[in-house]
Amino acid sequence: MAKSKIKDDNFFMEIALLEAQKAFKKNEVPVGAVVVIENRIISRAHNQPIKTNDPTNHAEILALRKAAKKLKNYRLSDATLYCTVEPCIMCLGAIIHARIKRLVYGAPEPKFGSIKSVIQFPFNKFNHRLEIRDGVLSEKCIKILKEFFKEKRK
């Protein structure tokens, strides 16, 4: 069973990486997110705060909004959220409020990460228990970020 879960996580993270590529092409920080329930993609999104002039339009938030709208329910308690980068505190708050079951992310976020990197979120203070898996396809997730910021510095 564990082997198939790893395969599924890699598969869905690859799709999140495709979303990150879309952000990259639009000159947005390349972060992608995918909401999955029972091995079915419910929604996908990529960062768009620059294009929309909206600081809340992170990939995770957009994917959660789309999934909630599609399912006609703001609670996504059976869902797994895949994102290419460790969520910031804003996105983690939305993940918790949506009651996401599982969070799977790729790259650590050394400036804004709220799971391990900058903030170690006090999960024990909340009723909701979030299963977290980090480091999925981390090399690919880190690579796209490095390429983006290398281009920005030129």
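1. A word on names before we start: helices (H or I, at least four residues) and strands (E, at least two) are DSSP runs, numbered from the N terminus. Please keep in mind that this is a predicted model. With those names, the order along the sequence reads α-β-β-α-α-β-α-β-β-α. That pattern is made up of five helices and five strands.

2. On overall dimensions, the chain has a radius of gyration of 14 Å, close to the 15 Å that the globule rule gives for 154 residues, so the chain is as compact as a globular protein of that length. Its C-alpha trace spans about 45 × 35 × 30 Å along the principal axes.

3. Now to the sheet. The five strands make an open sheet with mixed pairing, and their order is β2-β1-β3-β4-β5. At its edges lie β2 (40-46) and β5 (131-133), each of which pairs on one side only. On average, and ignoring direction, neighbouring strands of this sheet are turned by 15° against each other.

4. Have a look at the hairpin next. It is formed by β1 and β2, with two residues between them. E38, in the turn, has a positive phi of about 50°. The two strands pair in the antiparallel sense, over six bridges. For a landmark in this pairing, find V34, which stands opposite R44 in β2.

5. Elsewhere in the sheet, β3 (residues 80-85) and β4 (residues 102-107) run parallel and are joined by five bridges. Here a handy landmark is Y82, with V104 of β4 opposite.

6. Two helices deserve a comment for how they sit against these strands. Helix α3 (residues 59-71) packs on the sheet, where it touches β1 (32-37), β2 and β3. The direction of α3 makes about 140° with that of β2. Helix α5 (residues 138-153), for its part, lies across β3 and β4 and runs at about 60° to β4.

7. Finally, the largest pocket, which holds about 610 Å³ of space.

8. By class, the lining of the largest pocket has 14 nonpolar residues, seven charged and two polar.

Notes: Residues numbered from 1 in each chain as written. Predicted model: local features only at pLDDT ≥ 70, side-chain atom pairs only at ≥ 80, totals over all residues. Heavy atoms only, no water. Pairing = 2+ DSSP bridges. Axes fitted to C-alpha atoms, helices over the stretch in contact; angles between N-to-C directions. Contact = heavy atoms within 4.5 Å. 1 Å grid on protein atoms, 1.4 Å probe; cavity = no way out; pocket = protein on both sides within 12 Å on 5 of 7 lines; lining within 4 Å. Points joined across faces, edges and corners; volume = space filled by probe spheres on them. Nonpolar A, V, L, I, M, F, W, Y, C, P; charged D, E, K, R; others polar. Rg over C-alpha atoms; globule rule 2.2 N^0.38 Å.
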